[in-house]
Amino acid sequence: MASTIRVRATSSGETTEVQALIQHPMDSGYVKDAKGDLIPPHFIQQLTFEHDGKNVFLADWGPAVSKDPYVKFSFKGGKKGDDLKISWVDNKGASDTTTAKIQ
Amino acid sequence: MTTTHDGFPATRRLMLKGAASVALIGLGNLPFSVAPAFAAANDKYPEDAFKQKSDADAVKALYGKTAEPSDKVKMDAPEIAENGAVVPISVSSTLENVTSISILVAENPNALAAFYLIPAGTLPSVANRLKMAKTTNVIAIVEAGGKLYSTAKEVKVTVGGCGG
């Protein structure tokens, strides 16, 4: 299966801008399905970005983050061709990891 | 530690141990109260803070202190969000030594929406998309140099994004 994580990391020389889009339902636990039953909460809790063996960004999310979450940040350093490792884990223990090349 | 009084060192050690564990419990309740606590928050998901209903309680559970309003915290949020399920919100700051950014939606079922740890070298700026149940204040909190700074903005929601 293709990765749930899509990342674009672009280096401008001094800083690297990272945009990530993750496929995930991010069910809040407050929404009902067609039959009127509550859909149990299912959401990403932690998302980490690692560059050169060091965390450059960490997100702790609650169920109020939108479906198929998007996040953007920038960090100093990072060259074209460097690896950026992205991982998430959700409240059911599922997880995914991908490595992107900085462009 | 040597002494001729039998039992005395043991008692003393126990007392010290007791004091140490009390101190540790105290820190556990206020994970952000000391400067290096940023490392403690590194890998631990702040479950408790996400469970709080009100924004004030969530901030207390997350940081153990309150924030003061500051114009050095900038938030970009729409005046009117037609779809409460996807409200684009970005937060940035001109403050130095920013260690974290959190975003709260005051009248969501649970106020805390997202918490971002900003390690040294990462810019104090983040953009994301949040759900909003109804028209309410969105609050951004920036932790810099161990202090909390906040800004708030009301976003009008036409269709709520938390189901119902």
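A polar contact is a pair of N or O atoms within 3.5 Å; within protein, one atom must be able to donate a hydrogen and the other to accept it, and residues adjacent in sequence count only if both atoms are side-chain atoms. With that in hand, I looked between chain A and chain B and found 17 residue pairs in polar contact, both residues at pLDDT 80 or more.

A note on the ground rules: this is a predicted model, where local features need pLDDT of at least 70, side-chain atom pairs count only at pLDDT 80 or more, and totals for chains, interfaces and linings use all residues. Residues are numbered from 1 along each chain as its sequence is written, chains are lettered from A in the order in which they are written, and side-chain values use heavy atoms, with hydrogens and water left out.

Next I looked up salt bridges (a side-chain nitrogen of Lys or Arg within 4 Å of a carboxyl oxygen of Asp or Glu). The count between chain A and chain B is 0.

I then checked who takes part. Contact (heavy atoms within 4.5 Å) involves 32 residues from chain A and 34 residues from chain B.

For buried area I used the accessible area (1.4 Å probe) that two parts lose on being put together, summed over both. Chain A and chain B bury about 2500 Å² between them, with 52% of it on carbon and sulfur atoms. On the chain A side, Y30(A), D60(A) and A64(A) supply 24% of the area buried against chain B, more than any other three residues.

Last, I searched for aromatic pairs (rings of Phe, Tyr and Trp, its six-membered ring, with centres within 6.5 Å; planes under 30 degrees apart are stacked, over 60 edge-to-face, the rest tilted). I liked F57(A) and F73(A), a stacked pair at 4.0 Å centre to centre and 5 degrees between the planes.
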